Amino acid sequence: MEVGNAVAIVTGAAGGIGAAIAQRLLEHGARVLITDRDADRLAATTRRLSADFAGAVSGLAADAASESDLRKLIGTATSEFGPVDMFFANAGVGGGPGLDASDAQWEQALQVNVMAHVRAARLLVPDWLERGGGYFVSTASAAGLLTQIGSATYTVSKHGAVGFAEWLAVTYGDRGVRVSCLCPMGVDTAMLTGLGADSGSVGDLATRAVTGAGAVLRPLDVADRVIAAVEAEQFLVLPHAEVREFLHRKVSDHDRWIAGMQRYRKSLA
């Protein structure tokens, strides 16, 4: 996949991984529409990127889980830059810690972390099939391959994101629709480091579990891995190499892996 001259939409792009992906896309010659629910932060990021990439980047505040907002995003990107070639489903939320998570927390996690991807694919894939190609990038998490100590809603919804990306690749990958699924551990973003109610954080226990398991990467370093994976049309994007080893351990002996995770959870108490 050639990133240069592609038209891309990146959700959850007011900061963190989304803003970093947008920056790297622009540096490679893409035209990018960035979006986020946080209109103020999005406007600041749009101004920052426009300083270096005037005319190639635009921002539009929207809810990535809303079908009507997604239609508006696709229409805006098409009118400003041309038909959408790439979609980065990057918006995400943390959620409730365990069985005490409310139905509202479960609903929000499933809507943003899973259904936002489904709705975007519904709108984009038919056109991509007609045009002969397109690229869908799902930001999931290592939690979607393993689990997230400290957050049931995050674990389940990120498993859903990985599952949907796999299904999309199996169903349409041989018809020109390429799919990549990003599954990092710790990245220096507000979701990991912010513990306030408005931060989207997965919570203190989850943060300690992630930071104790491996290095915390810069968003731009993660974005570099994403761009490389897209250019190589690689499905699974693992910025933390140890995730592959953790996954192998899980698959080879599930009971032993669960016992190890139980010991790790106890060590964080």
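The crossing of helices α4 and α5 is right-handed, where right-handed means that the near helix is turned clockwise from the far one by less than a right angle, and left-handed means anticlockwise. This is a predicted model, in which local features need pLDDT of at least 70, side-chain atom pairs count only at pLDDT 80 or more, and totals for chains, interfaces and linings use all residues. Residues are numbered from 1 along each chain as its sequence is written, and side-chain values use heavy atoms, with hydrogens and water left out.

**Helix pair α4 and α5**

- α4 covers residues 103-131 and α5 covers residues 152-172; they pack at about 15° with their axes 8 Å apart. Axes are lines fitted to C-alpha atoms, for helices over the stretch in contact, and angles run from 0 to 180 degrees between N-to-C directions.
- The angle makes α4 roughly parallel to α5 (under 35 degrees is roughly parallel, over 145 roughly antiparallel, 65 to 115 roughly perpendicular and the rest oblique).
- On the α4 side the contact (heavy atoms within 4.5 Å) includes Trp-106, Leu-110, His-117 and Ala-121. On the α5 side it includes Tyr-154, Lys-158, Phe-164 and Tyr-172.
- The residues of this contact divide into 15 nonpolar, six polar and one charged. Ala, Val, Leu, Ile, Met, Phe, Trp, Tyr, Cys and Pro count as nonpolar, Asp, Glu, Lys and Arg as charged, and the others, Gly among them, as polar.

**Helix pair α1 and α2**

- The axes of α1 (residues 16-27) and α2 (residues 39-52) come within 11 Å and cross at roughly 20°.
- α1 and α2 are therefore roughly parallel to each other, and α1 passes α2 in a right-handed crossing.
- Ala-19, Ala-22, Gln-23 and Leu-26 of α1 meet Thr-45, Arg-48 and Leu-49 of α2.
- Four nonpolar, two polar and one charged residue make up the contact of α1 with α2.

**Whole chain**

- The protein chain has ten helices and seven strands. Helices (H or I, at least four residues) and strands (E, at least two) are DSSP runs, numbered from the N terminus.
- For 269 residues a compact globule would have a radius of gyration near 18 Å, and the chain agrees with 18 Å. The radius is taken over C-alpha atoms, and the globule rule is 2.2 Å times the number of residues to the power 0.38.
- Along the principal axes, the C-alpha atoms fill a box of roughly 55 × 40 × 35 Å.
- Of the 269 residues, 52% count as buried (under 20% relative accessible area; exposed is over 50%, partly exposed in between; 1.4 Å probe, protein chains only).
- Among contacts with a separation of 6 or more, 73% come from residues 24 or more positions apart.

**Buried residues**

- Thr-139 is in strand β5 (residues 134-139) and is buried at 6% relative accessible area.
- Leaving aside neighbours within four places in sequence, Thr-139 is in contact with Ala-89, Asn-90, His-117, Lys-158 and Leu-182.
- Pro-184 lies in the loop between β6 (177-182) and α6 (190-193), and counts as buried at 5% relative accessibility.
- Not counting residues up to four places away in sequence, Pro-184 touches Ala-140, Ser-141, Ala-142, Pro-239 and His-240.

**Positive phi outside glycine**

- Asn-5, in the segment before β1 (7-10), has phi near 75° and is exposed at 61% relative accessible area.
- Glu-233 has a positive phi of about 55° and sits in the loop between α8 (219-232) and β7 (236-237).
- Glu-233 counts as partly exposed at 37% relative accessibility.
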